Amino acid sequence: MNAPFITVTSVSKHFDPQLSLGDHIAGVLGGAVETRAVRAVQDVSLELVRGEVLGLVGESGCGKSTLGRMIAGILPPTAGAVAIEGAPVMAGRRPARKRTTRVQMIFQDPYASLDPRMRVGDALAEGPIVHRLVSRAAAPAYVAGWLRKVGLAADAAQRYPHQFSGGQRQRIAIARALAMQPDVLVCDEPVASLDVSIQAQVLNLFLALRHELALTMVFISHHLGVVRHVSDRVAIMYLGRIVEIGPADAIYTHPQHPYTQALLQSVPQLTLTEDVVTSFKPIDGELPSPLAPPPGCAFHQRCALAEPRCRQQVPLMRDVGRQHAAACHLLPASTDVPSASAR
Ligand code: SF4
């Protein structure tokens, strides 16, 4: 078994929401002001080996983007730690110096992440020059190489972001990240803002680059099909916790957790021969507020299989074999694993 390359150890992230007007009034009148933290991520542990792609899936608000930002070292955890080859990605509340080039993040909206006043070539050269990955004199050729690598012409360097389509802008954002020569890419919904026909092109680009550059990737998406296409393993998140993790094929063909099963059933399926939806079933209820997560299993209010113990006891992650684990009381208890890590 390969040594872990990325290690996420018992990571949590809690945000302090600003006091509402009602809270202020209660305080002024002498009532106790209770400030509750938003528990975006709760005690998550993970390991990735070098070159692996881990998909992170879950409903909006489940904590997957927050976890991705902590892995990328742009958001300090409230508790726990993230390390790459044993070196922490954070130095206190700041990114560790080495992390800056080792991990790069790609966001959903490439236009928002590119300075509209900067020519593409300057945007791509800026980071590598600052971090001495390339000299100023060699930067134009260096930038042209990365633009070609993502399927753009070298003369794109002379133009501005608004002169490109959405798909081309995302290619520019990918080239800018790769120009920093990272080992790790954290991609947060990188194709969600693109037309369906363009999504496939960009996903295939990720797959090609992943193999060519031996990248380790965390791929975040609410879209189950997209994640299956690119991932070796998939982790399902629910209300800040990983509730199931395993090889992508096993997750999609033999889901163990009732939430994963419900999530898969909630996706409308189109037949290949007829343009009709065959079957789907929306998940009952809504995601509870991370301000007040339910006790016990956080899914118990929406789970058709819930038992009395589900309302009181947080289920442990249980190994179901072949690097596949899920956190549900209904799974055999003899195979508890210490954390969400199933590697
Ligand atoms: Fe459902 Fe209970 Fe399993 Fe949670 S622990 S998924 S409530 S059966």
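Asp-232 is partly exposed, with a relative accessible area of 32% (buried means under 20%, exposed over 50%, and partly exposed in between, using a 1.4 Å probe and protein chains only). Arg-210 belongs to helix α8 and Asp-232 to the loop between α9 (224-230) and β11 (233-238), so the bridge ties together parts that are 22 residues apart in sequence. Helices (H or I, at least four residues) and strands (E, at least two) are DSSP runs, numbered from the N terminus.

The model is a predicted one, in which local features need pLDDT of at least 70 and side-chain atom pairs pLDDT 80 or more, while totals for chains, interfaces and linings use all residues. Residues are numbered from 1 along each chain as its sequence is written, and side-chain values use heavy atoms, without hydrogens and water.

In general, side chains of opposite charge can pair when their charged atoms come close. Here, the count comes to 11 salt bridges. Among them, Lys-149 and Glu-212 meet at 2.6 Å, N to O. This pair links distant parts of the chain, with Lys-149 in helix α6 (residues 139-149) and Glu-212 in helix α8 (residues 196-213), 63 residues apart. Both count as partly exposed, Lys-149 at 31% relative accessibility and Glu-212 at 49%. Another bridge joins Arg-117 and Asp-115 at 3.2 Å, N to O. Arg-117 is exposed, at 69%, whereas Asp-115 is partly exposed, at 27%.

Definitions and conventions
A salt bridge is a side-chain nitrogen of Lys or Arg within 4 Å of a carboxyl oxygen of Asp or Glu.
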